[in-house]
Every structure is written in structure tokens, then in C-alpha cells.
Amino acid sequence: MELKDKVVLITGSSRGIGAAMAQAFLKAGAKVILNGRHEQLPDDLVDQLQAIGGDFHYLQADMSKADDVADLAKQAWKVYGQVDVLINNAGITKDQLMIGMKETDFDDLLAVNLRGPFLLTKTLLKKMYKQRRGTIINMSSVVGLHGNIGQANYAASKAGLIGLTKTVAREGALRGIRCNAIAPGMVASDMTAALSDRNKKQIISQIPLQRLGQPSEIAQTALFLAQNDYITGQTIVVDGGMTI
């Protein structure tokens with residue numbers, strides 16, 4: 001898919017990997033719709049987007065609320081009259097060992113990480129069917145492939161996204177719709193920045209490339225998947241070799 005003037009909707013794009021993807025797609029000539037839970041984007045991100053140039057728009061929505069998700073789909077389509085690429089990136093963590101995890105910690109996380117993408121994809125897929133084109137990218141995680149101590153809810157949500165990806169890929173193929181997932185490993189973020197030097201060294205020692213990933217590297221993978229018209233139903237692991 002040629003990205004120039006195509007419309008890309010990225011959930012959870014006010015910071016981190018989502019913000020990096022917004023910038024990457026804007027540089028590629030796409031029109032970008034960003035999303036977050038707050039009323040407006042951080043000033044520094046707005047400055048970065050404006051420095052790139054191009055057309056972008058921001059829509060507030062809480063992905064845990066079905067009404068917000070429905071409104072997001074409606075408003076996103078209204079902004080430019082089309083959505084060509086949907087990236088389900090919004091996600092939260094509520095870590096706790098299994099024996100201490102509350103049901104609400106499980107349910108609340110799945111509402112954002114899995115139910116939200118299901119609802120948004122379902123709505124926009126109907127419109128993509130009519131325009132007979134489109135691609136969907138779901139942000140999974142290596143945790144969804146292998147599990148992780150204290151992240152039963154997160155692992156379940158990310159594994160669920162992989163299953164959703166494969167099904168949407170099969171159902172969408174007859175209408176020219178592709179769907180893939182990205183499974184990042186440890187990526188530099190606000191969360192990893194808060195870790196002690198000792199914990200960082202321990203994590204990095206488990207990564208063959210001996211460093212954390214960068215949000216821009218995940219964004220480049222999203223660009224690749226959006227543009228390659230013969231890849232669908234796949235989960236691309238971007239983890240520095242962590243899962244070898």
C-alpha cells in the first residue's frame with residue numbers, strides 16, 4: 001500500500017510507541033489520527049508533529065468504554081472520509097502474581113487491551129469491506145507468546161490479540177483486507193526508565209543484541225507491514241533476539 005494521503009488511525013498514540021508510529025507515518029506522507037484518554041496531546045508531541053508537517057488530528061477516547069470506542073470509529077471516519085490503516089496500540093498493565101490478582105485487575109485490563117481492539121476493528125472492518133482495502137496492525141507482545149511472571153492478565157490479552165489477528169486476516173482476505181500483529185520485546189519507555197540500573201542490566205543480559213529496543217524501531221515495523229501487500233495473519237517479533 002502506498003501511504004501518501006492514506007489515513008492511519010493509531011490508538012494510544014499520545015506517547016511511547018504510539019507517538020513514534022504517528023511520527024513515522026506522518027513522515028511517510030500519511031494523514032494520521034492520534035488517540036488518547038486525555039483532552040489534548042502533550043505539547044512536546046504537538047511540536048514534533050508540526051515540525052514534520054503534514055496532516056494530523058487528535059481524538060479523545062477511553063478504549064475501555066464501548067461508547068467511546070464506537071464514537072472514535074465514527075469520528076475517525078468523519079475526519080477524512082476514510083480509514084486505510086488501523087493500529088490497535090492502546091494498552092495498560094496491572095501486574096500482580098496470579099494468586100493475588102483481583103478479578104477487576106483482569107477484567108479492566110482486557111477491556112482496554114483486547115475488548116477495545118475487537119470493538120474498534122469490528123466497526124471499521126465493515127467500512128473497509130465497502131472500500132475493499134485496508135490493513136490492521138495489532139500491538140501484541142513477546143509476553144503474549146511466552147507468558148511472564150506477574151502478568152497473567154497482560155499475557156492473556158496479548159495472546160488474545162494474536163488469535164484475533166489470525167481470524168481477521170482470514171475473514172478480511174477476500175475483501176483485500178490484511179491484518180498482522182507486532183510483538184515487541186523490552187522497549188525503552190517511561191516504565192523501563194524508572195527501573196534501577198541493576199534491573200536494567202539484568203534485563204539487557206537476556207537480550208542477545210544487548211540493548212533495549214527503541215520506539216522508532218517498532219514504528220518502522222508498522223510501516224513495513226502497512227506497505228507490504230502480501231503479508232497477512234503474521235506476528236512479527238521485534239525483540240533483539242530475546243525469544244530465540
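How many helices and how many strands does the chain have? Before I answer, please keep in mind that what we are looking at is a predicted model. The chain has 9 helices and 7 strands. Its radius of gyration is 17 Å, close to the 18 Å that the globule rule gives for 244 residues, so the chain is as compact as a globular protein of that length. If you turn the model along its principal axes, the C-alpha trace spans about 50 × 40 × 35 Å.

Let me stay with the whole chain for a moment. Of the 244 residues, 47% are buried, and the chain exposes about 12400 Å², of which carbon and sulfur atoms supply 50%. When we take the contacts with a separation of 6 or more, 73% of them are between residues 24 or more positions apart. As for charge, there are 27 positive and 23 negative side chains, and the centres of these two sets lie 7 Å apart.

Now to the interior. In soluble globular proteins, nonpolar side chains tend to be buried together. In this model the largest nonpolar core has 31 residues, and the members that touch the most other members are Ile10, Phe25, Leu34 and Ile87. The elements that give two or more residues to this core are the strands β1 (7–10), β2 (31–36), β4 (85–88) and β5 (134–139), together with the helices α1 (16–27), α2 (43–52) and α9 (215–227). Among these, α1 gives the most, with 7 residues. Apart from this core lies another one, of 27 residues, which includes Val83, Leu124, Leu125 and Ile136.

Leaving aside residues up to four places away in sequence, Leu34 touches Ile10, Ser13, Ala22, Leu41, Leu45, Leu49, Phe56, His57, Tyr58 and Leu59.

Asn113 sits in helix α4. Is Asn113 buried or exposed? At 1% relative accessibility, Asn113 counts as buried, because the cut-off for buried is under 20%. Again leaving aside residues up to four places away in sequence, the contacts of Asn113 are with Ala90, Gly91, Ile92, Tyr154, Ser157, Lys158 and Leu161.

For contrast, please find Ala193 in helix α7, residues 190–193. With a relative accessibility of 54%, Ala193 counts as exposed, since exposed means over 50%. Ala193 and Ala155 are 38 residues apart in sequence, and their C-alpha atoms are 22 Å apart in space.

I would like to end with the backbone, at two loop positions. Which loop holds Arg132? Arg132 is found in the loop between α4 (103–131) and β5, and its phi is near 55 degrees, a positive value in a residue other than glycine. Arg132 is exposed, with a relative accessible area of 51%. The other position is Gln210, in the loop between α8 (197–204) and α9, where phi is again positive, at about 60 degrees, although Gln210 is not a glycine. At 48% relative accessibility, Gln210 counts as partly exposed, because that value falls between the 20% and 50% cut-offs.

How values were computed
Residues are numbered from 1 along each chain as its sequence is written. This is a predicted model: local features need pLDDT of at least 70, side-chain atom pairs count only at pLDDT 80 or more; totals for chains, interfaces and linings use all residues. Side-chain values use heavy atoms; hydrogens and water are left out. Helices (H or I, at least four residues) and strands (E, at least two) are DSSP runs, numbered from the N terminus. The radius of gyration is taken over C-alpha atoms; the globule rule is 2.2 Å times the number of residues to the power 0.38. Buried means under 20% relative accessible area, exposed over 50%, partly exposed in between (1.4 Å probe, protein chains only). Contact means heavy atoms within 4.5 Å. Accessible areas come from the Shrake-Rupley method with a 1.4 Å probe; for residues, only the protein chains shown count as cover. Lys and Arg count as positive and Asp and Glu as negative; His and the chain ends are not counted. The place of a charge is taken as NZ of Lys, CZ of Arg, CG of Asp or CD of Glu. A nonpolar core is a set of buried Ala, Val, Leu, Ile, Met, Phe, Trp, Tyr and Cys residues joined through side-chain atoms within 4.5 Å.
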